[in-house]
Amino acid sequence: MLKSEHIAKRERAQIINRIKDYAIANYDHPSERWDFVIEAWDDDTIDDKMQGATTFEEAVECIRPIVQLYAEQEANQRYE
């Protein structure tokens, strides 16, 4: 593994850990299902959903629409 690949892998792992911390901090968010990230996603899934983001902020913006959709779907199911 090249040094640059090792650094990139380590940085992605740090972003994934920050996403997990963020998901824990927002576990009970009223309009976003961050709990789903903690309960159902492994690191590879988080990495996939980050869509190549290179910063924590970009990663949150990639994942946020997904957790919002989960919340919307759950709300709709409650009314069916």
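Trainee: Is F36 buried, partly exposed or exposed?
Mentor: This is a predicted model, in which local features need pLDDT of at least 70, side-chain atom pairs count only at pLDDT 80 or more, and totals for chains, interfaces and linings use all residues. Residues are numbered from 1 along each chain as its sequence is written, and side-chain values use heavy atoms, with hydrogens and water left out. Buried means under 20% relative accessible area, exposed over 50%, and partly exposed in between (1.4 Å probe, protein chains only). F36 has a relative accessibility of 28%, so F36 counts as partly exposed.

Trainee: Which kind of aromatic pair do F36 and W41 form?
Mentor: Rings of Phe, Tyr and Trp (its six-membered ring) pair if their centres lie within 6.5 Å; planes under 30 degrees apart count as stacked, over 60 as edge-to-face and the rest as tilted. The ring centres of F36 and W41 are 6.5 Å apart and the planes stand at 90°, so this pair is edge-to-face.

Trainee: What is the angle between the planes of W41 and Y70?
Mentor: W41 is buried, with a relative accessible area of 10%. Between W41 and Y70, an edge-to-face pair, the distance is 6.4 Å centre to centre, and the angle between the planes is 75°.

Trainee: With which side chain does the side chain of R33 make a polar contact?
Mentor: R33 counts as buried because its relative accessibility is 19%. A polar contact is a pair of N or O atoms within 3.5 Å; within protein, one must be able to donate a hydrogen and the other to accept it, and residues adjacent in sequence count only if both atoms are side-chain atoms. At 3.0 Å, the partner of the R33 side chain is the side chain of E74.
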